[in-house]
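Me: I would like a close look at a single part of this predicted model, taken slowly and with its surroundings in view.

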Amino acid sequence: MSDALLTARGIHKSFGDNHVLRGIDLEVRRGQVVALIGPSGSGKTTMLRSLNGLETPDAGTLAFDGGPSVTFEGAPRSGRARRAAEARRTALRDRSAMVFQHHNLFPHKTVLQNVTEGPVQVQRVPRAQAEERGRALLDRVGLAEKADAYPRQLSGGQQQRVGIVRALALEPDLLLFDEPTSSLDPELVGDVLSVMKGLADEGWTMVVVTHELQFARSVADEVLFLDGGVVAERGAPAQLFSAPREERTRQFLHRILHPLD
Amino acid sequence: MDVELFLDSWWPIVLGGLTGTIPLALMSFAIGLVIALGVALLRLSTHRALRAAGRVYVSVIRGTPLLVQLFVIFYGLPTLGVTIDPWPSAIVAFSLNVGGYAAEVIRAAILSVPQGQWEAGYVVGMSRQRTLRRIILPQAARVSVPPLSNTFISLVKDTSLASLILVTELFRKAREIADFTSEFLLLYLEAAIIYWIFCTVLSFGQDRIEKKLEQYV
């Protein structure tokens with residue numbers, strides 16, 4: 001497919017004896033929102049982290065269009081092989097930005113400094129320009145007046161929105177979300193989801209690991225259901241949620257939607 | 001108790017502290033921190049040989065008495081034709097010593113910063129080195145102030161050992177007067193009181209640094 005932004009083929013990853021990813025294929029087209037759902041331990045977060053090199057797969061290929069194609073084979077043993085792997089991961093990372101489950105904001109920097117750190121330090125954007133853009137982005141998520149606050153002075157939902165702005169400020173090709181609402185109080189979830197929905201509507205390319213099935217259903221273009229380290233089922237949300245083909249998909253959806261049964 | 005001797009000797013001993021003990025401690029601590037940061041990074045390196053080098057350094061420094069280290073440098077090295085004056089000898093010995101102890105403090109402080117901070121640094125595009133410098137070390141600094149203050153206060157008192165390699169400092173002044181007057185108890189207690197005052201004043205400094213670094217926590 002010509003408009004694939006990111007293609008992952010046969011991604012494998014083990015932690016010790018635990019074979020977490022068992023050959024996962026994933027294709028993300030420009031402007032598409034892909035949701036990864038599945039029970040805990042299914043490998044969805046590990047898959048997401050493999051896409052930007054926070055995890056190094058044991059086997060498989062990752063390729064951005066017009067960018068590096070990286071093939072992984074075996075754990076690096078020598079120092080030189082490790083450094084080469086590190087260089088490959090860095091190349092992958094430059095194309096994407098991630099929003100973490102626990103925001104991971106820099107506690108010793110103000111909100112605005114968090115947002116401008118990457119552009120100023122890494123991308124060499126002039127500080128004044130980065131700050132102007134940073135303030136505009138903060139304004140978009142309703143946090144303009146918090147620019148000079150420290151992260152600890154914000155609520156969980158506000159912190160997570162800053163986390164999103166920090167990712168946006170890098171102007172990446174791809175946004176990765178790792179369960180961005182699962183550590184939030186229920187009443188704060190909506191703010192974050194509505195920001196994410198806005199980004200999807202604007203045409204950002206996103207891969208989202210989430211437990212918010214409602215969100216996946218209304219925003220995602222494609223949903224992948226992971227179970228036991230493989231893609232058990234994939235499809236358009238309308239089909240996958242309403243008429244799952246696989247029995248384990250059905251069971252998973254049932255457990256989430258009717259937890260008391 | 002000879003009150004007059006106590007008062008007369010007060011200023012000479014304090015002066016010994018201000019011109020000997022304090023500058024010796026400050027200089028050794030500053031140099032020692034640089035060594036400590038280097039050794040801590042060796043201990044955290046991905047290269048096995050560098051990690052081992054860091055471990056050996058810490059082990060040797062912590063496993064041998066400071067007094068012996070001082071004597072090796074000042075009285076031992078001349079045998080090899082390396083003669084170092086009392087002051088530089090003391091600074092070398094104390095710096096190396098602080099380097100060993102503070103390295104462990106700094107290493108622990110770096111490890112106490114959550115892994116997610118490293119990952120956030122990587123995600124905004126920073127290298128490991130830049131993440132360490134801009135994200136991890138500032139947070140580690142906050143954590144390491146109380147234990148490093150401990151190291152510093154110990155150092156202030158340990159500098160009394162320098163009197164044994166002919167450095168003129170607080171305790172050497174007290175000893176000179178004691179030897180001259182034979183009022184050993186009086187002079188040594190007086191030295192103890194002055195050390196105690198110095199250390200108390202210095203720990204106010206710790207509070208101020210902690211408050212300054214605390215603002216974001």
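How many of the residues of strand 3 (residues 33-37) of chain A are buried? Please go on from there to the neighbouring strands, and then to the contact between the chains.

Reply: Bearing in mind that the model is predicted, strand 3 of chain A is mostly covered, with 5 of its 5 residues counted as buried. The covering applies to both faces of the strand: A:Val33, A:Ala35 and A:Ile37 lie on one side and are buried, while A:Val34 and A:Leu36, which are buried too, lie on the other.

Turning to its pairing, strand 3 of chain A runs parallel to strand 8 (residues 206-209) of chain A, and 4 bridges connect the two; within this pairing, A:Val34 has A:Val207 as its bridge partner. Strand 3 of chain A also pairs in the parallel sense with strand 9 (residues 222-227) of chain A, again through 4 bridges, and here the residue that stands opposite A:Ala35 is A:Val223.

As for the contact between the chains, 23 residues of chain A are in contact with 18 residues of chain B. On the side of chain B that touches chain A, the elements that give two or more residues are helix 5 (115-123) and helix 6 (128-158) of chain B, and helix 5 of chain B provides the largest share, 6 residues.

How values were computed:
Residues are numbered from 1 along each chain as its sequence is written. Chains are lettered from A and ligands numbered from 1 in the order in which they are written. This is a predicted model: local features need pLDDT of at least 70, side-chain atom pairs count only at pLDDT 80 or more; totals for chains, interfaces and linings use all residues. A residue is buried if 20 or more other C-beta atoms lie within 10 Å of its own, exposed if 12 or fewer, and partly exposed in between; C-beta atoms are placed from the backbone. Two strands pair if DSSP finds at least two bridges between them. Two residues are in contact if their C-beta atoms, placed from the backbone, lie within 7 Å.
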